[in-house]
Amino acid sequence: MLDAAPAPLVQVQNLKMHFPIYTGIFRKHTGDVKAVDGVSFDIMAGQTLGLVGESGCGKSTVGRAMLRLYEPTAGRVVIDGDDVAHLAPEALRRKRPTMQMVFQDPQASLNPRMSLAEIVSEPLDEHTDWTREQKLERVYELMDQVGLNRRFVNRFPHEFSGGQRQRIGIARALALKPRFIVCDEPIAALDVSIQAQVVNLLEDLQEKLGLTYLFISHDLSMVRHLAQKVAVMYLGRIAELSPSKDLYAKPLHPYAEALLSAVNEPDPELAARRNRIILKGDVPSPANPPKGCNFCTRCPKVMSVCLTVKPDLLEVEPDRLVACHLYTVAGSTGASEVPEHKKQTRNQQGETR
Amino acid sequence: MAEPAAPVLDVRDLKTVFRTRGGEIHAVNDVSFHLMPGELLGVVGESGSGKSVTMMSLLRLLPAPPADIRSGKVLLNGRDLLAMTGDQLRAVRGAKIGFVFQDPMTSLNPVFTLGNQIMEPLIKHMRMSRTQAETRAVELLELVGIPDARRRLYQYPHQFSGGMRQRVMIAIALACDPDVLIADEPTTALDVTIQAQILELVKDLRRKLGMAIIWITHDLGVIAGIADRVMVMYGGQIVEHAPVRELFANPQHPYTRALLQAIPRITGPRDARLKVIEGQPPILTGALDACPFRARCEYRFDTCDAVNPARRAIDGQPVGLGHDVACHWHAPARQEPAHA
């Protein structure tokens with residue numbers, strides 16, 4: 001991946017976000033919820049990385065820790081040349097305009113007592129010394145960009161529908177001309193017919209403004225539509241990181257495979273013919289993850305090595321990273337020799353080698 | 001009815017309004033449908049389309065006021081639920097018709113054990129003793145796939161995960177062997193892998209118990225996998241109704257078509273751009289003398305603003321049995337739909 005033509009705008013290296021658990025009368029530190037446990041990926045400038053997984057897998061925490069809404073426990077988050085995870089407060093403040101976030105619930109992320117103009121211009125108050133007129137001009141410009149009627153400028157959030165509120169959230173994120181936006185489930189709270197409107201808007205803006213997105217979602221078909229590359233997370237770790245077209249054509253990690261097969265196909269013919277993998281049980285608690293592979297408690301292809309050794313995220317096919325023992329030498333992690341047998345391992349099982 | 005068997009549930013011209021200070025909201029507007037024994041009827045629509053209110057109206061679960069069931073008949077095995085007294089109705093709720101609600105987090109009472117909540121309908125409706133009820137409760141929990149059922153009976157809802165709670169909700173709804181199970185977005189709050197588990201469970205239970213199910217959802221993908229027939233609701237009305245394969249292969253209403261094109265697929269070629277349904281869902285106040293979808297419809301013409309279209313069969317079968325659609329493009333005068 002070195003010296004590829006488009007340079008990565010965002011590089012995340014071994015990001016960890018642990019939340020301490022305190023128990024007892026003395027609030028003793030007894031453990032950690034390992035919400036994010038060693039996550040690494042790059043996002044190319046102008047592209048979209050999809051981050052998918054079930055609730056509680058740590059996907060939102062990755063987005064928040066990257067923008068330093070949490071203090072990461074360990075790791076580097078290089079956005080446009082600066083390591084955001086280790087910036088000093090004043091430098092971080094100056095960095096903030098380049099990285100923004102669109103939140104899941106537009107109802108909860110807009111202050112009900114502020115008008116649209118106040119909400120969208122708040123970042124401008126904070127980071128520019130523009131006059132009122134300049135700010136209002138920018139607010140109008142943003143409203144045009146996200147498709148909100150200029151007449152709505154003095155309205156309050158409750159006067160808008162869900163889709164319109166999400167447009168306000170997007171306008172606010174765009175106010176300072178960021179290069180990188182974390183979209184944290186921006187369409188999850190919207191109706192199907194409105195979702196497409198917001199997704200098309202995000203695509204248009206990306207094209208026009210050259211934005212780079214981290215698109216966090218549990219909607220696998222929408223991620224397929226939007227992202228060039230997709231990271232599948234499970235219990236705080238990346239299970240598979242692949243180009244979107246490869247992942248959807250043939251998922252390599254058993255969890256990615258199960259997740260894709262669980263998606264409901266809006267076609268009765270296909271739905272009747274498909275062979276779905278139904279996973280047993282629930283996701284284990286991130287406070288007490290399994291000793292070996294995080295997925296070993298539910299994996300249909302579990303082997304003995306999975307119960308004791310955590311698999312590393314390795315390149316098993318060109319540009320495809322998978323954390324699974326099926327793709328390494330049975331019984332050892334064999335990190336060094338992995339690139340050698342990437343072709344053979346295409347045939348599903350670990351024994352094929 | 002032209003069918004040999006009698007429907008277990010027959011809803012005719014149901015009309016529910018909410019009286020508010022801003023005027024009357026026509027939440028359910030002349031909705032008619034039937035449910036055959038053992039059948040799974042899917043109800044699709046966006047929030048505000050009236051799908052939940054319709055089902056709540058059947059059992060008169062809506063607070064009145066503001067809700068007011070204006071007219072209609074809800075015949076359960078021939079008896080009209082809307083004409084029943086409170087006591088008669090109470091004997092139906094939970095016993096003849098089971099209800100599974102969307103959010104398993106809020107529909108279980110946190111201060112009672114699960115056993116208590118599963119046994120309640122058994123003791124009330126089936127007049128079982130506590131021991132009998134307990135045995136039956138264990139059976140039910142095993143039926144919905146909860147391991148270690150006897151111990152679980154004495155646990156509280158917070159000790160269960162979301163998927164497990166939804167299984168418990170289903171167990172409660174099934175407790176008295178209902179003829180009809182109404183499931184109101186039972187998988188919406190769940191993750192996809194858990195959703196797949198619940199869908200499998202329901203398919204399996206249906207095979208074993210043979211009850212009729214009404215499944216409400218906004219997810220066309222879910223419907224495609226489980227339903228026999230589908231009705232699409234918009235603006236408090238049924239705008240299209242068809243057997244499931246027919247609906248997906250040959251959608252006729254502009255709303256159904258747009259909805260199917262607005263969702264990206266997980267297989268097949270990647271769409272360059274999603275088709276958008278412009279505008280917002282309607283606010284259902286005021287007169288009902290126009291098509292509810294007109295403001296967002298690409299095929300709107302003058303009649304759409306003047307007359308609310310009635311459901312018309314397009315396959316020669318009576319309305320409600322085959323494929324029918326409420327759209328002026330299917331009026332006899334306009335036999336050639338421009339968008340076909």
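Tutor: Let us begin with strand 3 (residues 48-52) of chain A, which is mostly covered, as 5 of its 5 residues are buried. A residue is buried if 20 or more other C-beta atoms, placed from the backbone, lie within 10 Å of its own. Strands are DSSP runs of E with at least two residues, and helices are runs of H or I with at least four, both numbered from the N terminus. Please note that this is a predicted model: local features need pLDDT of at least 70, side-chain atom pairs count only at pLDDT 80 or more, and totals for chains, interfaces and linings use all residues. Residues are numbered from 1 along each chain as its sequence is written, while chains are lettered from A and ligands numbered from 1 in the order in which they are written.

Student: Which residues lie on each side of strand 3 of chain A?

Tutor: Thr48(A), Gly50(A) and Val52(A) lie on one side, and Leu49(A) and Leu51(A) lie on the other. Both faces of the strand are covered.

Student: And which strands does strand 3 of chain A pair with?

Tutor: Strand 3 pairs in the parallel sense with strand 8 (residues 212-217) of chain A, over 5 bridges. Strand 3 also pairs in the parallel sense with strand 9 (residues 229-234) of chain A, over 4 bridges. Two strands count as paired if DSSP finds at least two bridges between them. In strand 8, Ile216(A) stands opposite Leu51(A), and in strand 9, Val232(A) stands opposite Val52(A).

Student: Which residues touch the most others in the largest nonpolar core?

Tutor: That core has 198 residues, and those touching the most other members are Ala171(A), Phe215(A), Val232(A), Ile238(A), Ala171(B), Val180(B) and Ile214(B). Such a core is a set of buried Ala, Val, Leu, Ile, Met, Phe, Trp, Tyr and Cys residues joined through C-beta atoms within 7 Å. Its largest share, 8 residues, comes from helix 6 (residues 162-174) of chain B. Domain 1 (9-96 + 176-334) and domain 2 (105-175) of chain B both contribute residues, so the core lies between them. The domain bounds come from an automatic or database domain assignment.

Student: What is Ile238(A) in contact with?

Tutor: Apart from its neighbours within four places in sequence, Ile238(A) is in contact with Val39(A), Phe41(A), Ala231(A), Val232(A), Met233(A), Leu313(A) and Ala323(A). Contact requires C-beta atoms, placed from the backbone, within 7 Å of each other.

Student: Back to the two domains of chain B: how far apart are their centres?

Tutor: The C-alpha centres of domain 1 and domain 2 of chain B lie 30 Å apart. Each domain gives 13 residues to the contact between them. On the domain 1 side, helix 7 (residues 192-209) of chain B gives the most, with 4 residues.

Student: Now the whole of chain A. How many helices and strands are there?

Tutor: Chain A has 10 helices and 12 strands. Of its 353 residues, 46% are buried. Its C-alpha atoms fill a box of roughly 70 × 60 × 50 Å, taken along the principal axes.

Definitions and conventions:
Contact = placed C-beta atoms within 7 Å. Buried ≥ 20, exposed ≤ 12 C-beta atoms within 10 Å, placed from the backbone.
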